[in-house]
Amino acid sequence: MPELDRNWLRRFRRNVNRWYAAHARELPWRHTDDPYRVWISEIMLQQTTVAAVIPYFERFIEWFPTPARLAAASESDVLKLWEGLGYYSRARNLHKAAQRIVDEHAGRLPEDPEELIKLPGIGRYTAGAVATFAFDARAPILEANTTRLHSRLLGFRGDPRSAEGQTVLWQ
């Protein structure tokens with residue numbers, strides 16, 4: 001895979017940022033650097049539409065505004081608020097991760113993506129998203145939409161889900 005021209009990449013980033021500033025939707029988890037809110041939104045948005053997530057996110061944050069409040073809740077209370085979002089393992093993992101955040105990280109999400117990945121339910125994408133959006137880190141984020149975008153930009157013709165594809169695209 002050829003290296004991208006640095007000047008082209010700078011212009012591309014500037015154009016994407018300009019487009020985003022003009023067209024981004026107003027969402028309750030944007031315009032915050034609170035890693036907890038970023039984390040909750042990223043978990044809720046997995047395999048769910050943005051429109052469906054908004055009322056769940058707002059209600060969840062109202063009931064559990066901090067990792068400590070989530071950690072102290074009963075699993076049944078967490079699942080009750082999650083009801084309707086599906087994939088209940090996500091809610092259980094949020095609860096377990098909040099407990100570890102309180103016990104092992106003094107109630108604060110770690111900044112390092114490698115530490116985030118150690119928490120239940122946080123994979124490479126979510127760790128990168130939290131690190132990027134909450135801590136302004138330069139961490140890779142690769143999901144279905146960015147996979148398609150990067151494949152096109154790089155002219156990658158192989159299967160992006162293959163080991164080779166994942167290696168190329170995560171780089």
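Modeller: The protein chain has 10 helices and 0 strands. Helices (H or I, at least four residues) and strands (E, at least two) are DSSP runs, numbered from the N terminus. Read from the N terminus on, the elements run α-α-α-α-α-α-α-α-α-α.

This is a predicted model, in which local features need pLDDT of at least 70 and side-chain atom pairs count only at pLDDT 80 or more, while totals for chains, interfaces and linings use all residues. Residues are numbered from 1 along each chain as its sequence is written, and side-chain values use heavy atoms, with hydrogens and water left out.

Taken along the principal axes, the C-alpha atoms of the protein chain fill a box of roughly 50 × 35 × 30 Å. The chain has 171 residues, and buried ones make up 35% of them. Buried means under 20% relative accessible area, exposed means over 50%, and partly exposed is in between (1.4 Å probe, protein chains only). The accessible surface of the chain comes to about 10,600 Å². Carbon and sulfur atoms hold 51% of that surface. Accessible areas come from the Shrake-Rupley method with a 1.4 Å probe; for residues, only the protein chains shown count as cover.

A contact means heavy atoms within 4.5 Å. Take the contacts between residues at least 6 apart in sequence: 51% of them join residues at least 24 apart.

Next, the charges. Lys and Arg count as positive and Asp and Glu as negative; His and the chain ends are not counted. Each charge is placed at NZ of Lys, CZ of Arg, CG of Asp or CD of Glu. The chain carries 24 positive and 21 negative charges, and their mean positions are 7 Å apart.

That brings us to the part you asked for. A salt bridge is a side-chain nitrogen of Lys or Arg within 4 Å of a carboxyl oxygen of Asp or Glu. By this rule the count comes to 6 salt bridges.

Start with Glu75 and Arg92. Their closest N and O atoms are 3.5 Å apart. Glu75 lies in helix H5 and Arg92 in helix H6, so the pair ties together parts that are 17 residues apart in sequence. Glu75 counts as partly exposed, at 35% relative accessibility. Arg92 is also partly exposed, with 33%.

Then find Lys80 and Glu83. This salt bridge has its closest N and O atoms 3.4 Å apart. Lys80 is exposed, with a relative accessible area of 55%. Glu83 is partly exposed, at 44%.

Move on to Arg100 and Glu104. Their side chains meet in a salt bridge of 3.2 Å, N to O. Both sit in helix H6, 4 residues apart, which means they are separated by about one helical turn. Arg100 is partly exposed, with a relative accessible area of 29%.

Between helix H5 (75-82) and helix H6 (88-105) there is a loop, and Tyr87 lies in it. Phi of Tyr87 is near 45°, a positive value in a residue other than glycine. Asp136 has a positive phi too, near 55°. Asp136 is in the loop between H8 and H9. Asp136 is exposed, with a relative accessible area of 70%.

Gly128 is found in helix H8 (residues 124-135). Gly128 is buried, with a relative accessible area of 2%. Leaving out residues up to four places away in sequence, Gly128 touches Ala139, Pro140 and Ile141. Gly128 and Leu142 are 14 residues apart in sequence and 8.5 Å apart in space, C-alpha to C-alpha.

Last, the surface patches. They are made of residues with over 30% relative accessible area and no salt bridge; like charges are joined within 9 Å, and nonpolar side chains (Val, Leu, Ile, Met, Phe, Trp, Tyr) within 5 Å. Arg6, Arg10, Arg11, Arg13, Arg14, Arg18 and Arg138 gather in a patch of positive charge. One of them, Arg18, has its place in helix H1 (residues 6-23). Trp8, Leu149 and Leu153 form a nonpolar patch, with about 230 Å² of accessible area together. Leu149 is found in helix H9 (residues 144-154). Leu149 is partly exposed, at 38% relative accessible area.
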